[in-house]
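Reader: I am new to reading protein models. Can we go through one together, feature by feature?

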Protein chains: 2
Amino acid sequence: MAQSVLLTGASGRVGQAVLGDLADAYEWRLLDRDPPTEDLPGEFVVADITDDEAVREAMDEIDVVVHLAGDPRPEAPWSSVLTNNIDGTRTVYQAAVETGVEKVVFASSNHAVGAYETDERTPDMYRPHDEFLLDGTELPRPTNLYGVSKAAGETLGRYYHDEHDLSVISVRIGNLTEGHPPIDYERGQAMWLSYRDCAHLFDRCIQADYGYEIVYGISDNDRKYYSLERAQEVLDYEPQDNSAEHD
Amino acid sequence: MAQSVLLTGASGRVGQAVLGDLADAYEWRLLDRDPPTEDLPGEFVVADITDDEAVREAMDEIDVVVHLAGDPRPEAPWSSVLTNNIDGTRTVYQAAVETGVEKVVFASSNHAVGAYETDERTPDMYRPHDEFLLDGTELPRPTNLYGVSKAAGETLGRYYHDEHDLSVISVRIGNLTEGHPPIDYERGQAMWLSYRDCAHLFDRCIQADYGYEIVYGISDNDRKYYSLERAQEVLDYEPQDNSAEHD
């Protein structure tokens, strides 16, 4: 029988990519603040991620949670990321432990480490000859308060794994665009994540066995400054796209 | 002229250690939620760390902020550490940038990395023959939500340094006790911080030049699993006490 998966923030862009390819792969329960405007698979729960009780109820009989909900704006104000991203993510982890969920896949972001792109390193680090590489073992260096909130979500996941034995993976998602990579934007090309690679990556996150992991979520771009090694090793992630192979 | 230093959470235990030895070293402004019960140096401001305006006013004409305020209980509930430690620390950093403070010294904690003390490593890692060492470059692994909040405070400091050019140091404070190290508690002995070493360390944090740093705050104990290397290199920290030299 297919695993039952709760997808929070289902109406967002990552949710769209995931559901686009995996609609029939799981028994989906989708959660978002607003009712859906299009036809989506499975069951839909309208609830805010900060509503403890609604979140706990939404996890009833769920095997895996894919937690995408939160304020996705890099320029989001502190009050919003504190509530929606930090407190909201804690609500998800706490509910997961209380309801017996086995695994949580957390949508982190490249913004958690954006400040490694210093003036000295850029634009060289966006180009093929450069060898600078982040592998997920480095400390966060956020470029904005949104990135701070994502780093805090990663640490919450580490805590809930260590202390409550939940399987957790934090995916530092690159630049997700549909169809083709960003145009005239070297940085976005180096961290491009295609829709199908995104769906495949989250599929592997739902399936694979791990304790706590941090991986980068990008396609197999010619130039990348995020290592795919851990995603390949732990998840058997096999990206099919490459920003260099598009016009 | 002596530097003007704002000490938040001045009535707590770290504040007591710092003021005990450094009462005459700086022009102090002390801030705490409750009025002082004893005679303290400098000026005293009664304010809550979550009160943006009061915190900003308290930084008027201040060179360096030593930020100790927050809920200090390892078992503190999430709602308290979210408000007092995470949001409160953000309030301090934001006010520091707005008022032109040069440097913030942030009291982080051993609880931010407590989960490195796994069942496999303990109790060996508390004993002299063991070589396990944390040096401040490792990712947080908190043992409790208090530790999660301290790790978030570290990341906020990193962000405010990278994006707003504030000098920031996060001090992962060990086990601070007055007079002698903890008795019959190997873990506490390995991470002991004496009162005079604590005062000396914060003195060096106020004086030294740095961009962003994470250091461990412990005495020169025979057995330690926290490296003092970075504190020695960046701060010229020269601890005088050693838990092994006490009965």
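Author: Let us start with one residue and its surroundings. This is a predicted model. Setting aside neighbours within four places in sequence, B:W28 is in contact with B:V5, B:L7, B:V18, B:L19, B:L22, B:A23, B:P41, B:G42, B:E43 and B:I206.

Reader: Which residues have the most contacts inside the largest nonpolar core?

Author: They are A:W28, A:L235, B:W28 and B:L235. That core has 166 residues.

Reader: Through what surface do the copies meet?

Author: Look at the interface residues. Of those in chain B, 100% are also interface residues in chain A, so the copies meet through the same surface.

Reader: Now helices. How do I describe two that pack together?

Author: Two packed helices are described by the angle between their axes and the distance between the axes. Take helix α1 (residues 13–22) and helix α6 (residues 195–207), both of chain A. Their axes come within 8 Å and cross at roughly 80 degrees. An angle of 65 to 115 degrees counts as roughly perpendicular, so α1(A) is roughly perpendicular to α6(A).

Reader: Which residues make the contact?

Author: From α1(A) come A:R13, A:V14, A:Q16, A:A17, A:V18, A:D21 and A:L22. From α6(A) come A:Y195, A:R196, A:C198, A:A199, A:F202 and A:D203. By class, this contact has 8 nonpolar, 1 polar and 4 charged residues.

Reader: Which residues of α1(A) are buried?

Author: A:V14, A:G15, A:A17, A:V18, A:L19 and A:L22 are the buried ones. Next, ask what lies over them. The cover includes β1 (4–8), β2 (27–32), β6 (167–173), β7 (175–177) and α6 of chain A.

Reader: Let me try a single residue. Is B:T89 buried or exposed?

Author: Use the cut-off: buried means under 20% relative accessible area. B:T89 has 1% relative accessibility, so it counts as buried. B:T89 lies in helix α3 (residues 78–99) of chain B. Not counting residues up to four places away in sequence, B:T89 touches B:H67, B:N84, B:F106, B:G153 and B:L156.

Reader: What does A:Y159 touch?

Author: Leave out residues up to four places away in sequence. A:Y159 then touches A:H164, and it also touches B:P142, B:T143, B:N144, B:L145 and B:V148. Check the chain letters in that list. A:Y159 is found in helix α4 of chain A. Its relative accessible area is 9%, so A:Y159 is buried.

Reader: Where is A:D241?

Author: A:D241 is found in the segment after α7 (229–235) of chain A. At 10% relative accessibility, A:D241 counts as buried. Beyond its neighbours within four places in sequence, A:D241 is in contact with A:W192, A:S194, A:R196, A:D197, A:S219, A:D220 and A:N221.

Reader: What about the backbone angles?

Author: Most residues other than glycine have a negative phi, and most peptide bonds are trans. Look for departures from that. A:D184 is not a glycine, yet it has a positive phi of about 55 degrees. A:D184 sits in the loop between β7 and α5 (186–190) of chain A. With a relative accessible area of 77%, A:D184 is exposed. B:E61 is not a glycine and has a positive phi of about 65 degrees. B:E61 lies in the loop between α2 (52–58) and β4 (64–67) of chain B. At 65% relative accessibility, B:E61 counts as exposed.

Reader: And which peptide bond is cis in chain A?

Author: The bond from A:T122 to A:P123 is cis, with omega near 0 degrees. A:P123 is in the loop between β5 (103–109) and α4 (145–164) of chain A. In chain B, a cis peptide bond joins B:T122 and B:P123, with omega about 0 degrees. B:P123 is in the loop between β5 (103–109) and α4 (145–164) of chain B.

Methods
Residues are numbered from 1 along each chain as its sequence is written. Chains are lettered from A and ligands numbered from 1 in the order in which they are written. This is a predicted model: local features need pLDDT of at least 70, side-chain atom pairs count only at pLDDT 80 or more; totals for chains, interfaces and linings use all residues. Side-chain values use heavy atoms; hydrogens and water are left out. A nonpolar core is a set of buried Ala, Val, Leu, Ile, Met, Phe, Trp, Tyr and Cys residues joined through side-chain atoms within 4.5 Å. Buried means under 20% relative accessible area, exposed over 50%, partly exposed in between (1.4 Å probe, protein chains only). Contact means heavy atoms within 4.5 Å. Axes are lines fitted to C-alpha atoms, for helices over the stretch in contact, and angles run from 0 to 180 degrees between N-to-C directions. Helices (H or I, at least four residues) and strands (E, at least two) are DSSP runs, numbered from the N terminus. Angles under 35 degrees count as roughly parallel, over 145 as roughly antiparallel, 65 to 115 as roughly perpendicular and the rest as oblique. Ala, Val, Leu, Ile, Met, Phe, Trp, Tyr, Cys and Pro count as nonpolar, Asp, Glu, Lys and Arg as charged, and the others, Gly among them, as polar.
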